[in-house]
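Subject: Structure handover

Dear colleague,

Here is the structure we spoke about. Please keep it open while you read the notes.

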Amino acid sequence: MNQIAVAALAARQRGLARVAVWDFDAHHGNGTEAILAGREGFLFASVHQSPGYPGTGTRSIGNCRNWPVAPHAPRAIHLEALLRSWDAVVGFRPELVLVSAGFDAYARDPITAMTLEQEDFSELGRWLRESGLPAAAILEGGYSPDLPQLIDAFLSAWAG
């Protein structure tokens, strides 16, 4: 079951006009994209490793925007993609932001080849807090023994 898509659809059904899904999991949210593609009132923004599983998300289509990041790309390039995706989310003017929070983009995650550090997840949480937008997050992935610290960094910065 795609929990983030279910939550997004439920929010629209309950009267919200604009719902954004911001996905920073290392894997493209192909299921979320398939469910939300072409639906009015939704924005799906995904930053993910490419090439990488599931092999999708190489281009943007309509309301589904993708920022593929090459394996082992320097942190600055990954963070720039994250910032561009976040700017797209904020520019959409959502009434709710749902976050597919994947911590497998961490430099020491055993199943991906990305370069984010703990402080980068803090930065993402800070962006959420400073936006003032209503938001909720769902844990999507992360396989490093450091996962509890990564989640704490993100949530602590989000909470302020």
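This is a predicted model: local features need pLDDT of at least 70, side-chain atom pairs count only at pLDDT 80 or more; totals for chains, interfaces and linings use all residues.

Residues are numbered from 1 along each chain as its sequence is written, and side-chain values use heavy atoms, without hydrogens and water.

The largest pocket holds about 280 Å³ of space. (A pocket is an open set of points on a 1 Å grid over the protein atoms alone, where a 1.4 Å probe fits, with protein on both sides within 12 Å along at least five of seven lines; lining residues have an atom within 4 Å of a point. The volume is the space filled by probe spheres set on the points, which are joined across faces, edges and corners.) Its lining has 19 residues, and Asn2, His28, Gly29, Thr32 and Glu140 lie nearest the centre. At least two lining residues come from each of α2 (30–36) and β5 (135–141). (Helices are DSSP runs of H or I with at least four residues, strands runs of E with at least two, numbered from the N terminus.)

Peptide bonds. Ser50 to Pro51 is cis, with omega near 5°, and so is Tyr53 to Pro54, also with omega near 5°. Pro51 sits in the loop between β2 (42–49) and β3 (64–69), and Pro54 is in the loop between β2 and β3.

Backbone angles. His72, not a glycine, has a positive phi of about 65°; His72 belongs to the loop between β3 and α3 (75–91). Arg93, in the loop between α3 and β4 (96–102), has a positive phi near 60°.

Regards
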